[in-house]
Amino acid sequence: MTAHPDDVDFGSAGTIAAFTAAGVEVTYCIVTNGDAGGSDRSMSRADMAVLRQEEQLAAAAVVGVSDVRFLGHPDGMVQATPELRRDISRVIRQLRPERVLTQSPDRNWDFIFASHPDHLAAGEAAVCAVYPDARNPFAHPELLEDEGLEPWSVPELWIMAPGDQDAGIAVDTTATVERKVAALMCHKSQIGDPDGVAQRVLSMARAQGELAGLSAGSSAELFRVTRIP
Ligand SMILES: [Zn+2]
């Protein structure tokens, strides 16, 4: 559950590829269509939204994900409103996931690009949807009364934590990091220097592998994991 097309790929596509390779079913839920992204001023924002949805679908396919849902909230203006919490709770109740993976609602002062305001707000809304909204029958009562969506308690919450030394777990992505790069390259409208981005992603993955104490040359993605009884 992330704010923009490409967020899940930068933060966790190596992990997602490992999940799907192990037979785990994964759904992406993207809060915006990314219509405020890119630098091409000649392209209408409506066209950009369509393009970015197509790019995200292609990137998802690279790591074995075919179910991608866009919530259509305005890019650049995401807030953790009751409406967004309801929209995410709806998807949680529909899918009944064992694990929700999302962005950190906490600002990273060491790497501010990770903390786009949309990321903070989408992460906050997702955390609120996991606990308490999706599990509480009296939260967003229209979900139960009008749509018949029973409450669902998500047992595990994973927060993407790139570079965070306090992160709870590291997923070894040595076998999947190349697919992560391939997924990222699908976001052509966002990537002006593909070779440079690929090199940065690979070196970041190795730095996280080192931080996690994996063997030399290994890659990793780091997460904070909260188990919710
Ligand atoms: Zn983003």
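This note goes through selected residues, helix contacts and backbone features of a predicted model.

1. Threonine 102. T102 belongs to strand 3, which covers residues 99-102, and with a relative accessibility of 0% this residue counts as buried, the limit for that class being under 20%. A polar atom of the T102 side chain lies 2.6 Å from the backbone oxygen of M1, so that distance falls within the 3.5 Å used for a polar contact. When neighbours within four places in sequence are set aside, the residues in contact with T102 are M1, A122, G123, A126, L157, W158, I159 and M160.

2. Isoleucine 159. One of the residues in contact with T102 is I159, which is found in strand 4, residues 156-160. At 9% relative accessibility I159 counts as buried. Although I159 and S104 are 55 residues apart in sequence, their C-alpha atoms are 5.6 Å apart in space. Apart from neighbours within four places in sequence, the contacts of I159 are with T102, Q103, S104, P105, V127, L222, F223 and R224.

3. Helix 3 against helix 4. Helix 3 (residues 82-95) packs with helix 4 (residues 117-130) at an angle of about 55°, and their axes are 8 Å apart. Helix 3 is therefore oblique to helix 4, and the crossing in which helix 3 passes helix 4 is right-handed. On the helix 3 side the contact involves L84, R85, I88, S89 and I92, which meet A122, A125, A126, C128, A129 and V130 in helix 4. By class, the residues of this contact between helix 3 and helix 4 divide into nine nonpolar, one polar and one charged.

4. Alanine 17. A17 is found in helix 1, which runs over residues 7-21, and its relative accessibility of 0% means that A17 counts as buried. Leaving out residues up to four places away in sequence, A17 touches V63, T176 and R179. A17 and A60 are 43 residues apart in sequence, and the distance between their C-alpha atoms is 9.3 Å.

5. Helix 1 against helix 6. The angle at which helix 1 and helix 6 pack is about 125°, with their axes 8 Å apart, which makes helix 1 oblique to helix 6. Helix 1 passes helix 6 in a right-handed crossing. From helix 1, the residues D9, F10, G11, S12, A13, G14, A17 and T20 meet R179, K180, A183 and L184 in helix 6. The residues of this contact between helix 1 and helix 6 comprise five nonpolar, four polar and three charged. A17 takes part in this contact, and R179 is among the residues that A17 touches.

6. Helix 6 against helix 7. The axes of helix 6 (residues 177-184) and helix 7 (residues 194-211) cross at roughly 145° and come within 10 Å. The crossing of helix 6 past helix 7 is right-handed. Helix 6 contributes V177, E178, K180, V181 and L184 to the contact, while helix 7 contributes A198, V201, L202 and A205. The contact of helix 6 with helix 7 has seven nonpolar, no polar and two charged residues.

7. Cis peptide bond. Y131 and P132 are joined by a cis peptide bond, for which omega is about 15°. P132 lies in the loop between helix 4 and helix 5, the latter covering residues 141-145.

8. Positive phi values. Which residues other than glycine have a positive phi? R96 has a positive phi of about 50° although this residue is not a glycine, and phi of H140, also a residue other than glycine, is near 45°. R96 lies in the loop between helix 3 and strand 3, whereas H140 is placed in the loop between helix 4 and helix 5. With a relative accessible area of 38%, R96 is partly exposed, while H140 is buried, with a relative accessible area of 14%.

Key:
Residues are numbered from 1 along each chain as its sequence is written. This is a predicted model: local features need pLDDT of at least 70, side-chain atom pairs count only at pLDDT 80 or more; totals for chains, interfaces and linings use all residues. Side-chain values use heavy atoms; hydrogens and water are left out. Helices (H or I, at least four residues) and strands (E, at least two) are DSSP runs, numbered from the N terminus. Buried means under 20% relative accessible area, exposed over 50%, partly exposed in between (1.4 Å probe, protein chains only). A polar contact is a pair of N or O atoms within 3.5 Å; within protein, one must be able to donate a hydrogen and the other to accept it, and residues adjacent in sequence count only if both atoms are side-chain atoms. Contact means heavy atoms within 4.5 Å. Axes are lines fitted to C-alpha atoms, for helices over the stretch in contact, and angles run from 0 to 180 degrees between N-to-C directions. Angles under 35 degrees count as roughly parallel, over 145 as roughly antiparallel, 65 to 115 as roughly perpendicular and the rest as oblique. A crossing is left-handed if the near helix is turned anticlockwise from the far one by less than a right angle, and right-handed if clockwise. Ala, Val, Leu, Ile, Met, Phe, Trp, Tyr, Cys and Pro count as nonpolar, Asp, Glu, Lys and Arg as charged, and the others, Gly among them, as polar.
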